[in-house]
Amino acid sequence: MGSRGKRTTKATGRQDSAAKSQKKVIADVAKDLDLEPDSVEHDVDIQMENTVQDADQHIPEPGIQDNNEIPTTSVTAMIDEFAKERVAARQSEVDKMMMQVPLQDLLYEEDCLRHPFTIKSWTRYIAHLSARKASFDEISFIFERAIKELPGSYKLWKQYLDLRVNQVLMTDTNPKTGLRKPYKVFTPAHKEWLIINGCFEKSLALCNKFPVIWLAYCRFLMHQPTRLTFTRRTFDRALKALPTSQHKRIWPLYLEFAQQVGGEICVRSWLRFLKLEPHQAEQFVSILLNLDPPRHGDAARVLAAIVMNPKYASPTSEKTAFQHWVELCDVVCEHPEEVNDNISGDHMLPISGGYTNSSNYRHGISNGEHFMPIESLDVDCILRVGIARFTDQVGKLWNSLARWWIVRGEFDRARDVYEEGIRNVTTVRDFSMIFDAYAKMEENIIASSIERLAAEKDTLDCDDEDSSETKSTSMLDAVDVDMRLARFEKLMERRSFLINDVLLRQNPHNVQQWKVRAQLYQDANKPEKIVESYVLGTKSVSPQKAHGKLHDLWIDFAKYYESIGKVDMAHNVFEKAVLVPYKRVDDLAQVWCEWVEMDLRHNAISHALEILGRATAPPRGPPAKHAMIRYNDETKSVHQRLFKCIRLWSLYVDVEESIGTSESTKAVYDRIMELKIATPQIIINYASFLEENKYFEESFRVYERGIDLFGYPIAFEIWNLYLVKFVARYGGSKMERIRDLFEQSLEKCPPKFAKTLFLLYADLERKPWACTPCYAYL
């Protein structure tokens with residue numbers, strides 16, 4: 001038995017080797033006969049198997065030669081015989097088919113038989129059938145034959161599938177869904193629909209890289225409402241089969257299908273899409289809000305991811321970042337139960353640049369990757385991030401944060417939010433929004449408490465036996481109402497102060513608002529707050545950034561102390577005020593003048609003169625250096641230029657004329673003349689003062705100094721006064737000197753001023769004591 005088994009194995013191996021050696025021959029024969037190599041090889045194998053079985057029955061003993069070995073020539077002959085049989089059978093089938101082909105199609109049929117692998121032959125044949133309006137079965141039969149010969153032809157498959165789909169769908173579309181209307185109502189067991197699905201599946205076996213076929217198949221499946229899961233999986237198959245660069249052609253239809261279906265399919269499909277296109281999150285929010293039922297909790301989480309990503313920008317929307325914040329506020333405040341209770345599980349949120357915990361909310365840190373699932377939405381932290389980001393439009397955000405606590409029934413937290421918002425806003429508009437909402441909340445709470453108290457009172461009146469516990473509860477409610485009313489009244493009283501705080505936060509260098517603040521406290525009769533306001537104002541306002549007159553704030557501060565009888569404190573305020581580096585010299589001079597006038601009001605004459613001496617004292621240095629200092633030189637500080645302020649000197653002169661001696665007054669006037677800061681009015685006042693004190697010649701010299709100091713046209717007015725005064729004083733006793741003065745006045749006089757002087761000169765010569773007739777000078 002062992003030797004026989006070895007011989008059997010050896011014989012079988014020889015037979016297998018012989019069969020393999022004939023594969024090339026089989027392939028060549030199949031190519032010549034235009035047949036499938038597998039079918040030819042199958043038939044040959046069957047016959048060879050029968051022959052091998054016959055050979056196994058006659059295996060010789062060892063030492064005996066095997067005369068039953070299958071020669072190669074017999075296999076070739078067998079293949080030739082088989083080929084001849086197949087050719088004959090095929091020719092018979094072709095003859096039968098040709099007998100059924102109409103004469104007008106015969107030419108196209110022969111062309112397809114001669115060139116079965118040429119697409120143009122089949123397309124011409126199909127176009128001919130369509131032109132002669134052949135039946136659907138005839139056209140589909142030719143398509144089937146063409147696809148059998150060319151199973152990888154996209155063009156043939158596309159035309160065939162369109163032909164099939166057009167048999168069940170109209171060309172008109174439904175405006176609501178965008179889908180074509182079917183000829184008959186779809187039923188899951190309809191044979192034609194199943195055949196078309198099968199055709200699509202066959203086409204995708206070799207044409208799965210063509211997105212048009214996938215789109216046509218998916219759109220056709222969207223007309224079959226009972227096969228939602230299969231349709232969704234077909235979309236998934238399309239995304240898996242196509243490269244990523246072509247996914248943008250599939251996703252619009254996929255999202256359209258998901259939106260039509262709604263529910264969890266829509267949400268999960270959009271979440272997958274956002275991994276590819278995170279900037280479309282804004283549209284996802286609209287989808288979530290329009291679902292049935294709406295998913296406000298998920299919408300709030302998507303909006304939170306949008307607003308927390310400062311780089312988010314939608315290419316299709318014109319909404320600003322602030323508008324996204326407002327939308328988030330509206331969602332969380334109008335649907336707090338869903339936002340708070342709808343905990344996201346395994347499907348939130350694949351948006352780039354999101355945040356996963358409250359720490360990230362507070363600090364605004366983006367992880368730069370896809371969003372991790374968020375278990376709860378920290379509304380308070382998120383809204384506070386928005387408040388910190390939009391400092392000039394925070395009114396609505398503060399109100400939304402307070403409303404969030406109101407709808408949750410935590411009125412104390414809402415009140416704290418309102419107070420915090422009022423303390424931090426910097427615009428009157430935001431303050432008005434917050435304050436009005438705050439006042440409205442308090443009014444609603446008070447009204448509700450009063451109604452509840454009234455209802456309890458009516459209940460107590462109806463009951464004959466009132467329990468002590470009920471009465472105590474009613475009393476507590478009444479006390480609570482009184483406290484709320486007192487709080488509301490205090491809030492209304494604080495409004496003007498709060499507005500002032502807002503304006504000062506907006507611009508702490510606004511002098512007028514500091515003065516208003518002090519006046520408000522004066523009206524409220526709060527002396528400590530008044531002083532505090534002035535102190536804070538003088539410390540907060542920068543002299544170079546002051547909006548308004550800073551010196552007025554210091555003067556009002558000193559006058560307040562003066563009004564309450566604290567003159568020493570007023571002196572201290574003025575001591576500090578004169579050291580402030582004001583922007584203008586006049587501001588500093590005004591402070592000195594007010595200080596002097598306060599001393600004069602309190603009869604402190606010597607102190608007033610001392611202050612004037614300090615104010616008009618030149619800075620340290622030689623006189624030559626003083627002469628180089630100009631009053632309008634902005635490069636010098638106001639304290640260095642103060643000694644040339646004519647306002648101070650004018651006050652100094654007035655004080656000396658009132659309470660000083662003529663010598664001291666003359667000294668002040670002379671100092672003004674030396675500093676070359678005298679005005680025409682100072683010249684005239686000095687001359688008048690000397691004339692009143694019988695210093696006539698000195699008075700005339702002052703006129704002359706004034707004429708030398710000022711040119712025309714100012715000198716013209718001084719000449720008029722000088723000549724009139726001189727003529728009135730000396731008359732005809734000094735005619736030569738008078739004539740000499742007239743000659744000097746006319747020497748450099750412009751023509752437009754000469755007429756007055758000539759008339760005055762002529763009037764002089766008409767006097768009886770004049771020696772020369774007046775017409776001699778005309």
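**Asking why: salt bridges, burial and loops**

Mentor: Let's start at Asn 525, which sits in the loop between helix H25 (511-523) and helix H26 (527-540). Helices here are DSSP runs of H or I with at least four residues, strands are runs of E with at least two, and both are numbered from the N terminus. This is a predicted model, in which local features need pLDDT of at least 70 and side-chain atom pairs count only at pLDDT 80 or more, while totals for chains, interfaces and linings use all residues. Residues are numbered from 1 along each chain as its sequence is written, and side-chain values use heavy atoms, with hydrogens and water left out.

Trainee: Why is Asn 525 called exposed?

Mentor: Exposed means over 50% relative accessible area, buried means under 20%, and partly exposed lies in between (1.4 Å probe, protein chains only). Asn 525 has 62% relative accessibility, so it counts as exposed.

Trainee: What makes the backbone of Asn 525 worth a look?

Mentor: Its phi is near 60 degrees, a positive value in a residue other than glycine. Lys 133 also has a positive phi, near 55 degrees, and is placed in the loop between helix H6 (119-131) and H7. With a relative accessible area of 75%, Lys 133 is exposed as well.

Trainee: How do you know that Arg 145 and Glu 109 form a salt bridge?

Mentor: The term requires a side-chain nitrogen of Lys or Arg within 4 Å of a carboxyl oxygen of Asp or Glu. For Arg 145 and Glu 109, the N to O distance is 2.5 Å, which meets that requirement. Arg 145 belongs to helix H7 (residues 136-149) and Glu 109 to helix H5 (residues 103-114), so the pair ties together parts that are 36 residues apart in sequence.

Trainee: Why are Arg 145 and Glu 109 called buried?

Mentor: Arg 145 has a relative accessible area of 15% and Glu 109 has 1%. Both values are under 20%, so both residues are buried.

Trainee: What makes Asp 162 and Lys 158 a salt bridge, and where do they lie?

Mentor: Their side chains meet at 2.6 Å, N to O, which is within 4 Å. Both lie in helix H8 (residues 154-166), 4 residues apart, about one turn of the helix. Asp 162, at 29%, and Lys 158, at 23%, count as partly exposed.

Trainee: Which residues are linked in a network of salt bridges?

Mentor: Glu 264, Arg 268, Arg 295 and Asp 298 are. Over the whole structure, a search finds 29 salt bridges.

Trainee: How do you know that the peptide bond joining Asp 292 and Pro 293 is cis?

Mentor: Its omega is about 0 degrees. Pro 293 is in the loop between helix H14 (281-290) and helix H15 (296-307).

Trainee: And what does the chain come to overall?

Mentor: It has 39 helices and 2 strands, and 41% of its 778 residues count as buried.
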